[in-house]
Amino acid sequence: MSGFWRRLSATTWARSLEFIRDRASLGWNLVFPVFLVAGLAFVFSGPGQPLFKVAVLAPSTAKLDVDLHPFLSTPQVQFYRETDRDSALPKVQRHRIDLLLDFTQTPARYWLNTQSAKGELLERLLIASPGAKLERETTTGREIRYVDWVAPGVLGMNMMFACLFGIGYVVVRYRKNGYLKRLNATPLRPLEFLLAQLISRLALILIVNAAVFAACRVVLGLRMEGSYFDLLLVTAVGAFSMIAMGLVVSARMSSEEVAGGILNVLSMPMTVLCGVFFSMDGAPRILQLAAQLLPLTHMLEAARAVMLDGAGLAQIYPNLVALAAMSVIYLGLGAALFKWRQD
Amino acid sequence: MSASSVPILEAVDLVKHFPKVRAVDGISFAVPAGICFGLLGPNGAGKSTTIEMLEGLLTPTSGRVLYHGERLGQRHRERIGIQFQNTALQDHLTVHENLRFFGALYPVRRPLSELIALCQLEEFLDRDSRKLSGGQRQRLLLAIALINNPDLIFLDEPTTGLDPQARRNFWDMVTDLKRLGNTIVLTTHYMEEAYLLCDDIVIVDHGKIIARGAPAQLLAQHFNDSVLELPMVEARKLDGGPLRYAAIGESAEILTPDVNAAVGVLLAAGVSLAQLRIRPRTLEDLFIELTGRALRA
């Protein structure tokens, strides 16, 4: 075995042993997401969600208000703008939105999922409202339970925390307690050390999340329409990019407090903007654009496309390319900035 | 210069500046193979900065470090061993796993069985390295420093915090290493340790070398007297006489080149000799004389 592979495998092995034997950390990583998914399913799957959600296709100059159609003033309904019918219609089919109004066509029309009780209720309100009558179009599609939709988000969020804090905190701790200085006195090179951290963390995250996914699938009957290989690929590339992001944060810091603050600054917006618990459909455009710069967004979009819509690599490749590009940028930046010792 | 006469380690006009301090200010020395070389100095004297440059962990502002006559590089990193004063190891790994891990980082490794015997690790090989006593931990750190069978070993304050038994045990191990022909660079705050182990020492202060030589030779150069130690209450009987004394806490020290004559003066003054202690000058005396008594940060 060459020196590179010998040092890389030894460092990966040592780091993996450390993680596996840290029972509190391992247990938390395994148990927390299962409980969270189950808890959210319990809270949100029952009746009593008052809000209706209606997508609107309209000319960009038109405001979504009563001037466009009196129905848009209906209380307890959130109206938001969609730009493309092809992307909006599957949301009706998947019960993610209750109705789709299309004012870009003449006459205007609406799309209803005939299997959606909420959609039918909204249709009655629409018909009863004053203003121009809209033509009825129908579609069908089995409802996606909230738990099916939220599970990839929760697993992805858990993975994000494991990637960012698992790598960021550990490297900062190593630097602070002098372990990196000790390694610097050996022939181990920075790239070998960073790759070992990355490989070890990636392998453990994939194993842990596969176990958690299997548990959720058995216990909660999670929906899985696509290929397991595609989901594994999405998970691996997504986790890689977030670990690399953690390496950038930890590249030269020696304060766990500061590192923790920065990691929180990164992870909190990702939790909110990347659609972990709620869809970003209807969120302001600027936030949706900002979300596209975050790796978790692409991982969740691709994972949900595979799990809920049965999408294949042809459909999710833009997300994979975005994640790969982020990985290269973060890893390059992390390696360039890396320092063994504290200043 | 023949290969055998090339020093194993040489510092040539080493300078290191930090933003607000000139930590090392033109230090030069050569370490021949097979000796124990002591680098001594008070806190903040530039000792740690110097040793980190020798170890290749810190780049000098100017000057150079030569290992076997060559600039530091990968060969130096593979062939030296370092025991840091404070270092953490990977959590949750046993002593044996730590040895295997560090061994895998080097192209040449000392057989583990030999290392385990040399550093007396048999009793706690399967113990989590976080659960070792201070002495056991230092033995493990020494074993890690020796894992690549180095020809040059840096020991950075290796016995700080150890109890007297563990310290003496460590000295025995270092003596064994010397006997095996290893070259050792030692930093320590314990002058007794330096005197016992080092063949050659330099004392550094304010970034410069202020003394260099074998311990006995340095003592002979700087001192021709011995020390008489008395309780302060007895020493006061000498007030107004020919012998002068210095107060050190509750004791007094008298420096004299002629012990017999001094004892005669004590007897004549009615000083009780019951608690008299006579000792030769030590490296600690020299260290204090050269670097002063003021506390350093």
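Tutor: Two strands count as paired when DSSP finds at least two bridges between them. Strands themselves are DSSP runs (E, at least two residues), as are helices (H or I, at least four), all numbered from the N terminus. This is a predicted model: local features need pLDDT of at least 70, side-chain atom pairs count only at pLDDT 80 or more, and totals for chains, interfaces and linings use all residues. Residues are numbered from 1 along each chain as its sequence is written, while chains are lettered from A and ligands numbered from 1 in the order written.

Student: Why is strand β9 of chain B largely enclosed by the rest of the structure?

Tutor: Take β9(B), residues 200-205. A residue is buried with 20 or more other C-beta atoms within 10 Å of its own, exposed with 12 or fewer, and partly exposed in between; C-beta atoms are placed from the backbone. The strand is largely enclosed because the buried count among its six residues is five.

Student: Which residue of β10(B) stands opposite B:I201?

Tutor: β9(B) has strand β3 (residues 36-40) of chain B as a parallel partner, over four bridges. There, B:G38 faces B:I201. β9(B) also pairs with β10(B), residues 208-213, antiparallel over five bridges. In β10(B), the residue opposite B:I201 is B:G213.

Student: In the hairpin of β9(B) and β10(B), which residue takes a positive phi?

Tutor: Two residues lie between the strands. The positive phi, near 50°, belongs to B:H206.

Student: Now chain A. Which are the edge strands of its open five-stranded sheet?

Tutor: The order is β2-β1-β3-β4-β5, with mixed pairing. An edge strand here pairs on one side only. That picks out β2 (77-82) and β5 (135-139) of chain A.

Student: Which residue of β2(A) stands opposite A:A55?

Tutor: Strand β1 (residues 52-57) of chain A runs parallel to β2(A), joined by six bridges. Opposite A:A55 stands A:Y80.

Student: What angle does helix α4 of chain A make with β4(A)?

Tutor: α4(A), residues 117-128, packs on the sheet and touches β1, β3 (99-102) and β4 (109-113) of chain A. Axes are lines fitted to C-alpha atoms, for helices over the stretch in contact; angles run from 0 to 180 degrees between N-to-C directions. The angle is about 150°.

Student: How many residues does chain A give to the contact with chain B?

Tutor: Two residues are in contact if their C-beta atoms, placed from the backbone, lie within 7 Å. Chain B supplies 22 residues. Chain A supplies 19.

Student: Which element gives the largest share of chain B's side?

Tutor: Two elements give two or more residues: α2 (74-79) and α3 (95-104) of chain B. The largest share is four residues, from α3(B).
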